[in-house]
Amino acid sequence: MKRGRCARKAARLLPALLALCLAVPGCAAAAQPDDPEAQYERARRYGNGAGVPMDREQAFKLYAASAAQGFAKAEYELANHYRGQTGRALDLDMASGYLERSARHGYAPAQADLGFVYFNGNGSTPRDLAKSFHWFKRAADGGAVIAQCMVADFYKQGLGGVERNPREAFRWYRLTATRADRCAAKSQYELYASYASGSGVRKNLPAAMAWLKRAAEAGNPQAQRALGLAYENGAGVERNPVLARTWLKRSREGVAPHDDHAHEDEPKPGRVPAPGHAH
């Protein structure tokens, strides 16, 4: 019984001892000189000044040592370094190389970023939607929410040689609509679009309007405009000129004047506004 209590106490103390060791320069390296994860953790501490004096040069050296052993998180940090996120000179070739290494080693954030690199293209990487989908799908399967939203877009629009599949698009939008991520409000709007049109799911106007209100409340300007028009025309909700003006005004907040003018000139349909697509 006494031995069991000691083991439990040691288990509780281990994280604190490890943190103390990592805070002392040379301690982790002495304990595990070739451990890429320990090198990565020490690099993070030097980079953030967590328990040690901030030393970005030392952080870079430790990230490089960890990355040299194929540690995906360290490779991702070097990719960000060469993308200019640490204030150093931009080197897109080096950034792309480390990003692809990290992605191939299974790190979902790197896979999602690589998906965007191929989606947009840059000075060193041509646009390639097929490769973009490949990496978005791998990241999505690994739990990256932004990649899941992009996979839904690919299925919705049939991009990059992907066969258009409204049902699969709906499934991915439904998965991301309740997640704590910046793309959740867009997914909520897409669920409104799916329910309103019966694309990928049985048509259901009450469900459509519920998702539209949720997207509008989450700050999606497209949803705010659609909701304002719905209140203006009594489409799917009871006509309410006050709420119509409120939501239409909110939809214009932060919009450039030229875009706002075009926004006002659009026709006002007398039915549930036809859903569109926007990023």
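Me: How many residues line the second largest pocket, and which lie nearest its centre?
Reply: This is a predicted model: local features need pLDDT of at least 70, side-chain atom pairs count only at pLDDT 80 or more, and totals for chains, interfaces and linings use all residues. Residues are numbered from 1 along each chain as its sequence is written, and side-chain values use heavy atoms, without hydrogens and water. A pocket is an open set of points on a 1 Å grid over the protein atoms alone, where a 1.4 Å probe fits and protein lies on both sides within 12 Å along at least five of seven lines; lining residues have an atom within 4 Å of a point. Here 15 residues form the lining, and nearest the centre lie Gly 47, Ala 59, Tyr 63, Glu 77 and Thr 86.

Me: Which helices each supply at least two residues of that lining?
Reply: Helices are DSSP runs (H or I, at least four residues), numbered from the N terminus. The suppliers of at least two residues each are α3 (36-48), α4 (56-67) and α5 (72-85).

Me: How do the residues of this lining divide into nonpolar, polar and charged?
Reply: Ala, Val, Leu, Ile, Met, Phe, Trp, Tyr, Cys and Pro count as nonpolar, Asp, Glu, Lys and Arg as charged, and the others, Gly among them, as polar. Sorted this way, the lining has four nonpolar, six polar and five charged.

Me: How many helices and strands does the protein chain have?
Reply: Strands are DSSP runs too (E, at least two residues). The count for the protein chain is 15 helices and zero strands.

Me: How many disulfides are there, and which residues form the link?
Reply: A disulfide is a pair of cysteine sulfur atoms within 2.5 Å. The sulfur atoms of the linked pair are 1.9 Å apart. The count is one, and the pair is Cys 149 and Cys 183.

Me: How many residues apart in sequence are the parts that this pair ties together?
Reply: Cys 149 lies in helix α9 (residues 145-157). Cys 183 is in the loop between α10 (166-176) and α11 (184-197). The pair therefore ties together parts whose separation in sequence is 34 residues.

Me: Is Cys 149 buried or exposed?
Reply: Buried means under 20% relative accessible area, exposed over 50%, and partly exposed in between (1.4 Å probe, protein chains only). Cys 149 has 4%, so it counts as buried.

Me: Which residues is Thr 176 in contact with, leaving aside neighbours within four places in sequence?
Reply: Thr 176 is in helix α10, and it is buried, at 0% relative accessible area. Contact means heavy atoms within 4.5 Å. By that rule its partners are Val 145, Gln 148, Cys 149, Ala 184 and Ser 187.

Me: What distance separates the C-alpha atoms of Ala 144 and Ala 108?
Reply: Ala 144 is in the loop between α8 (129-141) and α9. Ala 144 touches Ala 108, Ala 112 and Ala 139, not counting residues up to four places away in sequence. Ala 144 and Ala 108 are 36 residues apart along the chain, yet their C-alpha atoms are separated by 6.1 Å.

Me: What is the mean pLDDT of the protein chain?
Reply: pLDDT is the predictor's confidence in each residue, from 0 to 100. It stays under 50 over residues 1-31 and also over residues 256-279. Where pLDDT is low, the predicted coordinates should not be read in detail. In the protein chain, 79% of residues reach 70 or more, and the mean is 84.
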